[in-house]
Amino acid sequence: MSKITKLGLGIVCFEGSELIKSITAEIRNEVDYIMVCLQKKSYHGQPIDQFDIDEIEMCKRAGLVDEIIYYEPDLSYMDVPNFDPKIPRLLETEKRNMMIDHLESVGCSHDIIIDSDEFYEYNQFKTAKQCFNDDPDMHVSYCQYINFYRDTMHYMLWPWDSYVPFIADIKYRFVYERGTFNKPSDPTRRYFIPDEDECKHFNIFNWNTVHMNHLSWIRKDITKKLDAWSSKKFFDAVPNLREKILDRYNNYRDGLNAVIMFNTPMYQVVVNKLDKMYFRLKYRLDEKIA
């Protein structure tokens, strides 16, 4: 399989829903089916904010989303003191695969699974999709991404290049930490390619063809991101990290580093400023669609 007959976009969402109207409006004409997957409780037990449900339902009414489905994880692990922090990550992988299963069930030949804060520019997306469609040997693809901090002018200078899955044949699934992809990437979404499979390699698009704009630290309420993140348990041993993150985020000025929840020195990342804004979101975070 290679030729795209029906491209399905699956969006993982628990918070950050205020970004989805801009993300979907940008590429709606290049995607055949858009599905958002919600869950009623986070991996740490918080109930979803009604605001996030309302935002997604608004997008569906506006035709930017075709379907809303729910994933209900087994949260019984929370009854165990000091549970393994990998469990939420394993569940996240399970959820992503469930989404691919669903896209396959509605007839999608290919999929792209993203989070609620992953933005692709229309022209790049269209070009990369055509490249995928024209190459009979392309079955699984990845691209690089840039992380934005607070707005689309400030970006985080990561200590390594990071990658994210792009378009793939619908038959492939993710395997936590054991996926075939061997570059820095989210371990919950690394596609697994069996040795005997016809697909002998994955394709990595170059930066100028397509890259993902990660609106990772752009939120109407950043605390929801910090409290719901599936990797949060890994950082329980870091004193006052959440408070340090919020203080730097709320009081940021040019020249400071970002404080983040990740395995970087001192949990900090250099923040640079672009010389101009290269793209704009169609909707403000607080904007409603008529």
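Strands β1 and β4 run parallel and are joined by six bridges; pairing here just takes at least two bridges found by DSSP between two strands. Strands (E, at least two residues) and helices (H or I, at least four) are DSSP runs, numbered from the N terminus. This is a predicted model, in which local features need pLDDT of at least 70 and side-chain atom pairs count only at pLDDT 80 or more, while totals for chains, interfaces and linings use all residues. Residues are numbered from 1 along each chain as its sequence is written, and side-chain values use heavy atoms, with hydrogens and water left out.

Back to the sheet. Strand β1 itself (residues 7-12) is well covered, with six of its six residues buried; buried means under 20% relative accessible area, exposed means over 50%, and partly exposed is what lies in between (1.4 Å probe, protein chains only). Both faces of β1 share in this: Leu7, Leu9 and Ile11 are buried on one side, and Gly8, Gly10 and Val12 on the other.

Strand β2 (residues 33-38) also runs parallel to β3, and four bridges join them. Here Leu38 is found opposite Tyr70 of β3.

Strand β4 covers residues 110-115, with His110 among them. His110 is buried, at a relative accessible area of 0%. The His110 side chain makes a polar contact of 2.8 Å with the side chain of Asp169. A polar contact is a pair of N or O atoms within 3.5 Å; within protein, one of them must be able to donate a hydrogen and the other to accept it, and residues adjacent in sequence count only if both atoms are side-chain atoms.

The largest pocket has a volume of about 1,100 Å³. Of the 48 residues lining the largest pocket, those closest to its centre are Arg89, Asp186, Trp229, Ser231 and Phe262. Two or more lining residues each come from α3 (86-105), β6 (140-149), β8 (163-169), β10 (212-217) and α5 (222-228). On a 1 Å grid over the protein atoms alone, a pocket is an open set of points where a 1.4 Å probe fits, with protein on both sides within 12 Å along at least five of seven lines, and a lining residue has an atom within 4 Å of a point. Grid points are joined across faces, edges and corners, and a volume is the space filled by probe spheres set on the points. By class, the lining of the largest pocket has 23 nonpolar, eleven polar and 14 charged residues; Ala, Val, Leu, Ile, Met, Phe, Trp, Tyr, Cys and Pro count as nonpolar, Asp, Glu, Lys and Arg as charged, and the others, Gly among them, as polar.

The second largest pocket has a volume of about 190 Å³. Its lining includes Tyr145, Trp158, Trp160, Asp161 and Trp207. Strands β6 and β7 (154-157) each give two or more residues to this lining, and β6 has the largest share, with four. The class count for the second largest pocket is eight nonpolar, three polar and one charged.

Helix α5 also holds Lys224, which is buried at 19% relative accessibility. The C-alpha atoms of Lys224 and Asp49 are separated by 9.1 Å, although these residues lie 175 apart along the chain.

As for cysteines, the disulfide count is zero, a disulfide being a pair of cysteine sulfur atoms within 2.5 Å. For Cys108, the nearest cysteine sulfur is that of Cys37, 14 Å away. The sulfur of Cys143 is 13 Å from its closest counterpart, in Cys131, and so is too far for a bond. Both Cys108, at 4% relative accessibility, and Cys143, at 0%, are buried.

Most residues other than glycine have a negative phi. Asn82, however, has a positive phi near 55°; Asn82 lies in the loop between β3 (67-70) and α3 and is exposed at 72% relative accessibility. Arg150 likewise has a positive phi, about 75°. Arg150 is placed in the loop between β6 and β7, and is partly exposed at 32%.
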